[in-house]
Amino acid sequence: MVIGAGVVGLATARALARAGAAVTLIEAADVLPAAGSSRGDARIRVLAAYPDDEYLELGLRAAERWRELERESGAALLRATGALSYGEGIGELTAALRRFDVPHEELGAGELARRFPAVAPPGSGPVVHQPDGAVIAADRVLEALLASARRAGVEVRERERVVAVEEGGAGAVVETERGRLEADRVAIAAGPWAPALVPWPDLAARLRPSRQVVSYFGWDGPPPPAVIEYGQPDPYAAWSPVHGLKAADHQPGPDADPDDRRAEVDRARVEATAA
Ligand SMILES: Cc1cc2nc3c(=O)[nH]c(=O)nc-3n(C[C@H](O)[C@H](O)[C@H](O)COP(=O)(O)OP(=O)(O)OC[C@H]3O[C@@H](n4cnc5c(N)ncnc54)[C@H](O)[C@@H]3O)c2cc1C
């Protein structure tokens, strides 16, 4: 059983069903439009976002899975824009890219200005260009995963909130608003709602949902590369097919309740991102 039908829950349920398991996927809201973090028109996808071998290996395996999902759905899920990264630890990132033979180039200031005139990093360190960096059409991915999961035999139960998960029965007992279910195993993929469901208090206490502020800006030119700057506050920007440019900081925001939908925007954060 999988709880939560964001990108993680859908991908998990689909993979388990394709491996032969009988899978029930329970979602508190509608799967589409998504209620959680997975919604939207743009996510950055780079093979190496972190100088970590395990992460890079997963990225390489995921690259093949992305192609497979695009073939299966017939939908364009990734738009290659390239990605530029610079800042703290960029040497380690480049070393990891070399170790795994991942296509990339190191750009000096002159070449950067010539090829990507809109990007002016602070400082004079190297800038790494990963040509296969892409923008993920996040909403379309959810649609593709949902259809594929259903084809693989996943039973999808929407608008059914899980209220508790406990060890017991055949493995786990899952209580929903509609009744009690048993499963051999349960994957909790409830995103920022997970702390309320994880049955181990020590772990639940370590999960802290935070509110992220994302800003959108107009952009008239052709899709620019994603830009990732390492070092506080870790700003990033990417092409947004709907709005133009999407930008934010890759830092936890203030603690938040995911059910609190008040549209309070932290203006200082927006102004910092714009700057
Ligand atoms: C601002 C922002 C920018 C990001 N940018 C990037 C990026 O550029 N590149 C990238 O790779 N990643 C990015 N991410 C991360 C990525 O979007 C998330 O890691 C991913 O969407 C998390 O998916 P999820 O399925 O774990 O959670 P969610 O999408 O939040 O899904 C959780 C689901 O669980 C359901 N649920 C909750 N409680 C219950 C319950 N009790 N019973 C049943 N169902 C329940 C919810 O309704 C929801 O549908 C970004 C995230 C944010 C917030």
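The structure is a predicted model, in which local features need pLDDT of at least 70 and side-chain atom pairs count only at pLDDT 80 or more, whereas totals for chains, interfaces and linings use all residues. Residues are numbered from 1 along each chain as its sequence is written.

Contact between the domains involves five residues of domain 1 and six residues of domain 2, two residues being in contact if their C-beta atoms, placed from the backbone, lie within 7 Å. On the side of domain 1 that touches domain 2, four residues are nonpolar, none is polar and one is charged; here Ala, Val, Leu, Ile, Met, Phe, Trp, Tyr, Cys and Pro count as nonpolar, Asp, Glu, Lys and Arg as charged, and the others, Gly among them, as polar.

The ligand lies between domain 1 and domain 2, because both give residues to the shell around it. Of the 29 residues around the ligand, Gly4, Gly6, Gly36, Gly191 and Trp193 come nearest, where a residue is near a molecule or strand if its C-beta atom, placed from the backbone, lies within 6 Å of it. By class, this shell comprises 18 nonpolar, eight polar and three charged residues. At least two shell residues are supplied by each of α1 (7–18) and β3 (43–45), and α1 gives the most, with three residues; helices (H or I, at least four residues) and strands (E, at least two) are DSSP runs, numbered from the N terminus.

Ser38 is found in the loop between β2 (24–26) and β3. Ser38 is classed as buried because 23 other C-beta atoms lie within 10 Å, a residue being buried if 20 or more other C-beta atoms lie within 10 Å of its own, exposed if 12 or fewer, and partly exposed in between, with C-beta atoms placed from the backbone. When residues up to four places away in sequence are not counted, Ser38 touches Gly6, Val7, Ala138 and Leu142. From Ser38 to Leu142 the separation is 104 residues in sequence and 7.9 Å in space, C-alpha to C-alpha.

An open sheet of three strands, with antiparallel pairing, has the order β10-β11-β12, two strands being paired if DSSP finds at least two bridges between them. Its edge strands are β10 and β12, each of which pairs on one side only. Neighbouring strands of this sheet are turned on average by 20° against each other, direction ignored, with axes taken as lines fitted to C-alpha atoms, for helices over the stretch in contact, and angles running from 0 to 180 degrees between N-to-C directions.

Strand β10 (residues 162–168) is joined to the antiparallel strand β11 (residues 171–176) by six bridges. Within this pair, Val162 stands opposite Thr176 in β11, and Ala164 has Glu175 in β11 as its bridge partner. The hairpin of β10 and β11 has two residues between the strands, and in it Gly169 takes a positive phi near 55°. A hairpin through two residues also joins β11 to β12. Five bridges link β11 to the antiparallel strand β12 (residues 179–183), and the bridge partner of Val173 in β12 is Glu182.

Notes: Domain bounds come from an automatic or database domain assignment.
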